[in-house]
Amino acid sequence: MSEMLLWLWKKHKTVAIKKMNLFCTFCHKPQGEVYRLIASSPSICICNQCITDGWLILSDKPDYVPRDLQFEVSDSNLDPELRCSFCHKPSKKVGRMISTTSNSAICEECLDACSLMLIQEEKQN
């Protein structure tokens with residue numbers, strides 16, 4: 001797991017972050033309408049459902065259609081200027097990413113780190 005995302009995960013367990021009006025950068029649902037949000041900053045967050053949707057899309061499930069979202073798989077060949085909204089690495093350094101029409105993107109590595117955070121939290125509860 002990325003050290004930065006691990007630090008952010010620990011930081012976001014504080015009461016202060018829970019009181020902010022956060023929303024998922026990908027589906028735009030507010031914090032109160034989703035099970036969990038993982039943030040790289042107060043303005044860049046992803047909810048548990050978008051994490052799941054992202055993995056299902058990247059795994060090339062032929063029959064999977066994400067909730068009313070316009071997700072697309074991007075790679076360095078399609079958009080070399082695209083950067084991950086979480087780690088800020090360009091697509092040429094991370095490979096495939098999930099992006100949306102709202103110019104939000106998350107790379108496979110950050111998506112994996114977010115998934116692990118959710119799994120670890122579930123095991124602790």
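I started with the salt bridges and found three in the structure. I noted that the model is predicted.

**Entry: R36 and E121**
I looked up this pair and saw their side chains meet in a salt bridge, at 2.4 Å from N to O. The two residues are 85 apart in the chain. R36 sits in the loop between α2 and β1, while E121 belongs to helix α5. R36 is partly exposed, at 30% relative accessible area. E121 has 15% and is buried, because the cut-off for buried is under 20%.

**Entry: K89 and E109**
I found a salt bridge here too, with the closest N and O atoms 3.6 Å apart. K89 lies in the loop between β3 and α4, and E109 lies in helix α5. They are 20 residues apart. Buried or partly exposed: which is E109? I read a relative accessible area of 43%, so E109 is partly exposed. K89 is partly exposed as well, at 33%.

**Entry: R96 and E108**
I read 3.9 Å from N to O for this salt bridge. R96 is in the loop between α4 and β4, and E108 is in helix α5, so the pair ties together parts twelve residues apart in sequence. R96 is partly exposed at 26% relative accessibility. E108 also has 26% and is partly exposed.

**Entry: the whole chain**
I counted five helices and five strands. From the N terminus, I wrote their order as α-α-β-β-α-β-α-β-β-α. The chain has 125 residues, and 43% of them count as buried. I noted an accessible surface of about 7,400 Å². Carbon and sulfur atoms hold 51% of that surface.

Terms used. Residues are numbered from 1 along each chain as its sequence is written. This is a predicted model: local features need pLDDT of at least 70, side-chain atom pairs count only at pLDDT 80 or more; totals for chains, interfaces and linings use all residues. Side-chain values use heavy atoms; hydrogens and water are left out. Helices (H or I, at least four residues) and strands (E, at least two) are DSSP runs, numbered from the N terminus. Buried means under 20% relative accessible area, exposed over 50%, partly exposed in between (1.4 Å probe, protein chains only). Accessible areas come from the Shrake-Rupley method with a 1.4 Å probe; for residues, only the protein chains shown count as cover. A salt bridge is a side-chain nitrogen of Lys or Arg within 4 Å of a carboxyl oxygen of Asp or Glu.
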